Amino acid sequence: MVVSVNRETSSVVLRYTRPGSQPATKHAFGLANHNDVLRLHARAVIDATADMTRKPWLLSNVNVESDRPLKGDSVP
């Protein structure tokens, strides 16, 4: 889930859980497609490919799955 969006730096902070891990964590990601920042907002649920070999970590293939958190999911 998107926690915050920084349009100046084309970056987002996500709350996510890596497969096989608990609890959820927050991390900043850059956006490979800078135009994606125009579609994202806090609390949106997204699906994307994360490249964690770069600094900052980079998201590509971003798809907005929902404009609101999943039912039962707490606010970031």
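Colleague: In which strand is the place of Asp47?

Modeller: This is a predicted model, and in it Asp47 sits in strand β4.

Colleague: Is Asp47 buried, exposed or partly exposed?

Modeller: The reading rests on relative accessible area, where under 20% is buried and over 50% is exposed. Asp47 has 42% relative accessibility, so this residue counts as partly exposed.

Colleague: Which residues does Asp47 touch, not counting those up to four places away in sequence?

Modeller: Asp47 is in contact with Asn61, Val62, Asn63 and Glu65.

Colleague: Where is Asp36 found, and is Asp36 buried or exposed?

Modeller: Asp36 lies in the loop between β3 and β4 (45-51). Its relative accessible area is 7%, and the cut-off for buried is under 20%, so Asp36 is buried. With neighbours within four places in sequence left aside, Asp36 is in contact with Leu31 and Val62.

Colleague: How should I read a nonpolar core, and which residues have the most contacts inside the largest nonpolar core?

Modeller: In soluble globular proteins, nonpolar side chains tend to be buried together. Here the largest nonpolar core has 13 residues, and those with the most contacts inside it are Val12, Leu14, Phe29, Leu31, Ile46 and Leu59. At least two residues of this core come from each of β2 (11-16), β3 (25-31) and β5 (58-66). The strand that gives the most is β2, with 3 residues.

Colleague: Which residues does Ile46 touch, again not counting those up to four places away in sequence?

Modeller: Ile46 touches Val2, Leu14, Leu40, Leu59, Val62, Asn63, Val64 and Glu65. Two of these, Leu14 and Leu59, are also listed with Ile46 among the core residues with the most contacts.

Colleague: What volume does the largest pocket have, and which lining residues are the closest to its centre?

Modeller: The volume of the largest pocket is about 280 Å³. There are 14 lining residues, and Leu14, Tyr16, Phe29, Ala48 and Ala50 are the closest to the centre.

Notes:
Residues numbered from 1 in each chain as written. Predicted model: local features only at pLDDT ≥ 70, side-chain atom pairs only at ≥ 80, totals over all residues. Heavy atoms only, no water. Core = buried A, V, L, I, M, F, W, Y, C linked by side-chain atoms within 4.5 Å. Buried < 20%, exposed > 50% of the residue type's maximum accessible area, 1.4 Å probe, protein only. Helix = DSSP H or I, 4+ residues; strand = E, 2+ residues; numbered from the N terminus. Contact = heavy atoms within 4.5 Å. 1 Å grid on protein atoms, 1.4 Å probe; cavity = no way out; pocket = protein on both sides within 12 Å on 5 of 7 lines; lining within 4 Å. Points joined across faces, edges and corners; volume = space filled by probe spheres on them.
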